[in-house]
Amino acid sequence: MHEIHAADPAGSPWWRDAVIYQIYPRSWADGDGDGVGDLPGIASRLEHLRDLGVDAVWLSPFYRSPQRDAGYDVADHRDVDPLFGTLDDADAMIARAHELGLRVVVDLVPNHTSSDHAWFREALAAGPGSPERARYVFRDGLGEDGSLPPTNWLANFGGGAWTRVLEADGTPGQWYLHLFDPSQPDLDWTNPQVRADFETTLRFWLDRGVDGFRVDVAHGLVKDPTFPPFGKHPGGLMEVTHEAPYWDQDGVHEIYRSWRALLDSYGAPERILCAEAWVAPADRLARYVRPDEMHQAFNFDFLETQWHAGALRDAVRRSLAANDSVGAPSTWVLSNHDVLRHASRFGLAVGQPRPNGIGAADPQPDAELGVRRARAATALMLALPGGAYVYQGEELGLPEHTSLPDEVRQDPTFARTGGVELGRDGCRVPMPWTKGAPALGFNDTGASWLPQPASYSELAVDAQTGVAGSTLELYRTLLALRRDRRLGLGGLAEVEGLPEEVLGYVSTAPDGTRTLVLVNLSGAPVDLPDGAEVLVSSADLGDTRVPGDVTVWASLR
Ligand code: GLC
């Protein structure tokens, strides 16, 4: 055995090994039946999460927004969009979660606002050189008449990253920067007003009782002040992210230090910050979780790793080593509202790059293989030390919707790339709660902002509850064992002498409890070592051997 990570002490703060469930508010539960999920709907369904055995929820944005990027285009950070309810509904949802013992993390979107935000309207009205414009990144264009964008930077959702505005007199004027959709102008974080306003927003939600923030595009707030040319596509996890003049610039860290101090001033239990930072290599990502910065940073390197033993082994090692060097836990994740669901991802051929959406005309994932590997991957993830995020519906083994008609697609990526990239709608389809019911129990009316695929009915929560072998029962068992055996706080050692295509770990809890984790990525069954007693397996074992594409947890004497 070869130790790759030391155990956390038993009394570690809650977030170091927390499992946090992501709710995508438009698609979880719809209280008013208009086809879009809402806060009262969420509050009414939270028992599902208590029964699942997670520690906290993270909710994607429910703030005032014209919804051009499903709420990541915020028009007022301190109010609830009527689509989702009211501030009172938010208070009630937070209170209900706390009653059930669930902590609540909300989304903070600091890189940009909506173009409907009062500040952006003021900026347009006030004109070049005004303090109102200085809250955003306005620049004069290049060329004699300023008709060329200030740089060649590209936007994440397609097209250029600059849009030219019409000045008050109707003539074409300055350009503003948007790393995402044109309806999402980037804020200028060198401006003290921007900083002060976000501190107000942090306090606003902390005072309402939230337990933390997931920080959207945490690697994007600071831009290289020389605005150098950079024409590569900005999406995905680049090898050396900070080569892009707008990603992972050193200046972001000082912002997070100030937020950490603000959160710490609220005392115990700790309120947390989690970075959504698509940053590589791992040691650059670890800088976001230094002791005086954020608590967590999503491990997208792990999410991007395909079903390949060597690649997974390396991703686990890399993440633990980098995070250990700053004393932070790793934060494992396999799915979220931006990527193809892992039950479908693992059904694609290994080596194929992760597509941004799949359509009916594309080669379809192998559904059975995908869910088998997804269950094995989840069982690996939940055994690893650190925190983990679970995306709504993955506990049901939901596949991506891979045949959405183009007319219903809403992700701005689809239109901005002229349909070349289908976008993220397929992982955002409303949850199935009740087999055969209208909208599968998402609401009572049958309305649904995106259609649910036929396969979701059999996968509904009620169809899996109490059913041995269902993905839902697997998640419940894994989460209960993880908690009992303190796997999230465990020390981790690699088991040596196994076939190359088999991952083996022993997790040792602070109290000495030892759990063996075997992930078989080889085609052939492997034996468990003598004395190992199976606690749970991601699929039926048949005999005592571990078949391919299966993860087993076993106790060790
Ligand atoms: C983050 C969000 C994504 C959003 C983007 C722009 O990556 O997760 O959904 O579109 O930021 O805010």
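The model is predicted: local features need pLDDT of at least 70, side-chain atom pairs count only at pLDDT 80 or more, and totals for chains, interfaces and linings use all residues. Residues are numbered from 1 along each chain as its sequence is written, and side-chain values use heavy atoms, with hydrogens and water left out.

Start at the ligand. Around it stand 14 residues, of which Asp 69, Asp 216, Glu 276, His 337 and Asp 338 come nearest. A residue is near a molecule or strand if one of its heavy atoms lies within 4 Å of it. By class, this shell holds 4 nonpolar, 3 polar and 7 charged residues. Here Ala, Val, Leu, Ile, Met, Phe, Trp, Tyr, Cys and Pro count as nonpolar, Asp, Glu, Lys and Arg as charged, and the others, Gly among them, as polar.

Polar contacts come next. A polar contact is a pair of N or O atoms within 3.5 Å; within protein, one must be able to donate a hydrogen and the other to accept it, and residues adjacent in sequence count only if both atoms are side-chain atoms. The side chain of Asp 338 has an N or O atom 2.5 Å from a ligand oxygen. For His 112 the distance to a ligand oxygen is 2.9 Å. A polar side-chain atom of Arg 424 lies 3.0 Å from an oxygen of the ligand. On its own the ligand has 310 Å² of accessible area, and the protein covers 96% of that. Accessible areas come from the Shrake-Rupley method with a 1.4 Å probe; for residues, only the protein chains shown count as cover.

Now the parallel sheet. Its 8 strands form an open sheet in the order S12-S11-S10-S6-S3-S2-S14-S13. Strands (E, at least two residues) and helices (H or I, at least four) are DSSP runs, numbered from the N terminus. Two strands pair if DSSP finds at least two bridges between them. At the edges are S12 (296–297) and S13 (331–333), each pairing on one side only. S11 (272–275) pairs with S12 in the parallel sense over 2 bridges. Ala 275 has Ala 297 of S12 as its bridge partner. Helix H6 (252–264) packs on this sheet, touching S6, S10 and S11, and its direction makes about 155° with that of S11. Contact means heavy atoms within 4.5 Å. Axes are lines fitted to C-alpha atoms, for helices over the stretch in contact, and angles run from 0 to 180 degrees between N-to-C directions.

The loops deserve a look. Most residues other than glycine have a negative phi, and most peptide bonds are trans. Phe 227, in the loop between S10 and H6, has a positive phi near 45°. Pro 269 lies in the loop between H6 and S11; a cis peptide bond joins Ala 268 to Pro 269, with omega about -10°. Pro 281 sits between S11 and helix H7 (282–286), and its bond with Ala 280 is cis, with omega about 0°.

Finally, the antiparallel sheet. Six strands form an open sheet in the order S1-S15-S16-S17-S19-S18. S1 (2–5) and S18 (532–537) stand at the edges with a single partner strand each, so one side of each is left without a neighbour in the sheet. The twist averages 30° from one strand to the next. S1 and S15 (491–494) pair over 3 bridges, and Glu 3 stands opposite Ala 493. Helix H9 (309–324) packs on the sheet at about 30° to S16.
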